[in-house]
There are 2 protein chains.
Amino acid sequence: MMLAVNQTHRPDLTSWVASANEPQTDFPIQNLPLGVFQRPGDDHSPRVGVAIGDQIVDMAACLDAGLFDGPALVAAEACAAPTLNHLMSTDQATQSALREQLSNLLRQDDQRSVGNQPLVARFLVPMTEATLLLPVAVGDYSDFYASLEHATNVGSMFRPDNPLLPNYKYVPIGYHGRASSIVASGTSIQRPHGQTRDQPAMEPTYGPCKALDYEVEVGIFVGAGNMLGEPVPIATATEHIFGLCLLNDWSARDIQSWEYQPLGPFLAKSFATTLSPWVVTLEALAPFRGPVAQRPLGDPRPLDYLTSPADQQLGAIDLTLEVFLASHRMREAGQPSLRLSRSNFKKLYWTMAQMLTHHTSNGCNIRPGDLLGSGTVSGAAKDERGCLLELTWRGAEPLTLPDGELRRFLEDGDEIVMHGYCERPGTRRIGFGECRGIIRGGRSVGYNC
Amino acid sequence: MMLAVNQTHRPDLTSWVASANEPQTDFPIQNLPLGVFQRPGDDHSPRVGVAIGDQIVDMAACLDAGLFDGPALVAAEACAAPTLNHLMSTDQATQSALREQLSNLLRQDDQRSVGNQPLVARFLVPMTEATLLLPVAVGDYSDFYASLEHATNVGSMFRPDNPLLPNYKYVPIGYHGRASSIVASGTSIQRPHGQTRDQPAMEPTYGPCKALDYEVEVGIFVGAGNMLGEPVPIATATEHIFGLCLLNDWSARDIQSWEYQPLGPFLAKSFATTLSPWVVTLEALAPFRGPVAQRPLGDPRPLDYLTSPADQQLGAIDLTLEVFLASHRMREAGQPSLRLSRSNFKKLYWTMAQMLTHHTSNGCNIRPGDLLGSGTVSGAAKDERGCLLELTWRGAEPLTLPDGELRRFLEDGDEIVMHGYCERPGTRRIGFGECRGIIRGGRSVGYNC
């Protein structure tokens with residue numbers, strides 16, 4: 001199998017890039033995630049890079065220097081572009097060859113790297129000097145709802161008489177999202193305006209959102225696509241997954257509750273979605289794949305088209321997700337941010353393969369660079385709830401911040417930072433970097449409201 | 001106002017392209033819709049063209065021959081591309097200048113056209129020899145629900161106790177659609193498979209859709225975009241509309257009814273959406289714009305952000321939509337197709353400007369080439385119902401075809417053809433061409449169901 005654990009995952013590998021060997025780095029040599037950055041200096045054209053420690057490898061520069069050959073060269077040539085879409089359209093064997101050659105070039109002890117080391121060192125850009133951009137031009141973005149706990153919690157608030165609908169345990173529920181408003185980590189998020197109705201007896205009004213929320217999700221990038229009319233079988237679904245990132249599905253709860261019937265969330269979600277800049281490849285995550293948790297007793301088996309032994313065996317990824325909040329006042333006072341939740345991607349009710357296969361099961365085509373959101377990753381415990389809606393139970397149980405401020409929903413100036421990492425005894429930590437955004441109030445004058 | 005009636009609309013204008021002067025043509029010189037085509041012969045690269053009678057003007061060839069100048073030259077240069085996206089990103093004054101020069105080049109009586117006529121004639125491609133492609137690379141596709149009659153009919157079938165939800169008369173309801181599976185007219189449509197549940201007491205199953213339907217809609221192409229966070233005010237919304245096409249929102253009703261709660265339609269719609277090939281510009285439609293129909297007595301006024309006097313005065317477009325069905329047996333027997341409905345775009349509850357402004361009212365950005373669907377255009381009369389779900393009342397009242405076949409929903413081999421046209425005494429007919437698709441059964445072997 002292409003994405004099995006191999007020598008690039010060996011925990012004893014170290015890099016001549018010293019920062020990659022620090023225990024808490026997100027980007028050891030075992031990770032090698034891909035992104036798009038702008039270099040300091042005059043040339044600000046977007047370039048594909050690979051994270052190693054606190055440095056970025058400039059892929060086009062390495063390519064020009066002739067550092068790749070064989071299938072890896074094909075992949076490296078696909079990196080000479082302003083997005084990862086070309087690379088994502090290559091097959092996993094090609095991508096894997098690139099990973100292997102990059103690993104060799106960056107290894108401390110590799111004979112082949114010794115000669116090239118001074119050359120590669122010239123093509124490193126310090127992360128602190130680079131601007132990280134959106135890694136992909138997303139064609140279509142679809143968002144799922146794969147956490148049973150999240151669906152149950154939200155359902156019991158919006159439909160107390162009917163929290164979990166009868167389709168949930170059969171259908172990996174999802175909906176189409178908005179691709180145009182996907183932004184890179186660090187982009188400030190303007191508080192959306194929208195139509196809301198406070199009470200059923202009142203007229204709705206248009207104004208600033210009063211229940212702004214985040215949702216911690218995993219973003220799944222499609223690699224190889226399929227032809228329209230040809231579903232992807234569950235057995236080969238992961239061959240269509242390039243890699244993962246962190247995703248903040250900003251949500252306007254008051255807009256959502258008024259607009260969402262009967263066609264689902266629309267403007268409650270489409271004002272912004274933030275992605276972390278580094279795409280961690282599925283191959284880098286191979287050591288952290290494991291068996292899917294048993295479904296609760298009495299739950300139905302997934303239908304045959306959503307079942308494969310390999311997916312049951314390796315479909316869960318042990319990926320920890322953490323969400324931190326720092327208010328404007330906390331940042332001004334130099335206080336550390338508050339961790340709001342820690343949950344795990346492996347506990348979802350549906351696997352990535354099931355989501356992808358279901359998405360194509362009607363014949364729908366997916367294309368390289370398409371994005372699937374996992375849905376909010378919540379767990380059973382209160383500190384595993386992946387959004388404020390759940391954490392404050394729709395505002396009924398406000399959070400108290402370390403400086404005494406109360407939070408029902410997000411206030412202007414609040415910053416949300418998400419982290420994700422895979423860690424297990426005997427492996428190096430594979431991190432996702434961060435997914436960051438600050439809420440900005442106000443709006444330019446002149447708009448008719 | 002940029003898109004007012006001007007000399008290019010004069011009903012007495014005729015073209016030296018004789019077929020453009022026939023009374024029943026969709027493409028008189030007053031229309032000049034844009035599309036993308038492949039020429040016969042060796043060079044199959046997609047090219048922008050303009051329809052005139054039964055011919056296509058090859059825009060890149062005209063550009064190369066130096067036939068444009070001034071602002072029209074800017075627009076013509078934007079046509080030297082495989083899609084209309086570049087042209088759509090120019091402003092309406094630029095686009096209008098191109099229309100004026102094209103009109104002059106094709107006019108029978110114009111001094112300027114006399115010298116150029118032999119040259120332009122060389123750049124005409126007969127429609128019968130060309131292949132018409134998708135005119136636009138659609139970034140995001142959003143689908144609305146703007147017919148009160150359609151929403152009421154569908155609601156009363158899916159939610160008999162609650163047909164029209166309380167938000168409908170305040171919110172131009174819409175949802176995100178799938179861009180990847182948008183196909184050009186003439187593409188055959190494979191019957192989707194999906195998960196359905198026949199009875200609440202039964203387990204769901206996965207298999208071919210048993211309730212396949214079409215929906216007749218108008219597609220609205222976005223021209224100039226907006227910046228993320230900056231809503232488009234209603235007063236200037238039409239400045240962001242490039243033009244219209246016909247849209248068939250193929251729908252799998254059995255998949256839809258099982259999957260759609262709580263996040264809306266997903267796989268019931270994403271297997272295919274067909275567009276007519278010619279984009280009729282908003283300017284060509286200027287003579288057919290008129291006042292919006294009064295809302296039923298007692299209905300609320302739209303909120304301020306959705307109200308403008310100009311939109312009330314000119315927001316309705318008198319565009320007739322017709323849907324025809326021909327079964328495989330009917331076509332084999334040489335029988336004419338059956339008209340299923342005739343409805344009118346002007347009767348919608350929400351205008352294009354209201355849909356577009358609402359879409360951006362939360363700060364969501366729209367981009368040139370984005371597509372808005374109007375939602376099924378139905379009317380109050382039975383023969384104005386724009387889909388089989390309504391026409392056969394979810395199969396309860398099957399249609400009888402001329403050869404005696406019964407139809408509840410679409411069968412394999414059924415062909416749906418949509419036509420659209422604007423007609424009014426004292427004007428030339430502005431047609432949309434056709435939006436065509438045949439249902440194809442079966443599926444390639446090897447898929448796990």
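**Exercise 1.** In which loop of chain B is the place of Trp393(B)?

*Solution.* The structure is a predicted model, in which local features need pLDDT of at least 70, side-chain atom pairs count only at pLDDT 80 or more, and totals for chains, interfaces and linings use all residues. Residues are numbered from 1 along each chain as its sequence is written, chains are lettered from A and ligands numbered from 1 in the order in which they are written, and side-chain values use heavy atoms, with hydrogens and water left out.

Trp393(B) lies in the loop between helix H11 (388-391) and strand S23 (399-400) of chain B; helices (H or I, at least four residues) and strands (E, at least two) are DSSP runs, numbered from the N terminus. Its phi is near 45 degrees, a positive value in a residue other than glycine. Most residues other than glycine have a negative phi, and most peptide bonds are trans.

**Exercise 2.** Locate the cis peptide bond in each chain.

*Solution.* In chain A, the bond from Gln261(A) to Pro262(A) is cis, with omega near 5 degrees. Pro262(A) belongs to the loop between H7 and strand S16 (273-275) of chain A. In chain B, the bond from Gln261(B) to Pro262(B) is cis, with omega near 5 degrees.

**Exercise 3.** Describe the contact of chain A with chain B.

*Solution.* First, the extent: 70 residues from chain A and 70 residues from chain B take part, where contact means heavy atoms within 4.5 Å. The chains bury about 6200 Å² between them, 59% of it on carbon and sulfur atoms; buried area is the accessible area (1.4 Å probe) that two parts lose on being put together, summed over both. In chain A, the most area is lost by His176(A), Leu263(A) and Phe266(A), together 14% of what that side buries.

Next, the charged pairs: there are four salt bridges between the chains, each a side-chain nitrogen of Lys or Arg within 4 Å of a carboxyl oxygen of Asp or Glu. The side chains of Asp140(A) and Arg178(B) form a salt bridge at 3.5 Å, N to O.

**Exercise 4.** How is chain A laid on chain B?

*Solution.* A turn of 180 degrees and a shift of 0.0 Å along the axis give an RMSD of 0.0 Å, with copies superposed by least squares on the C-alpha atoms of residues with pLDDT of at least 70 in both. The two copies are therefore related as by a two-fold rotation axis. In chain A, the C-alpha nearest the axis is that of Gly264(A), 2.1 Å from it.
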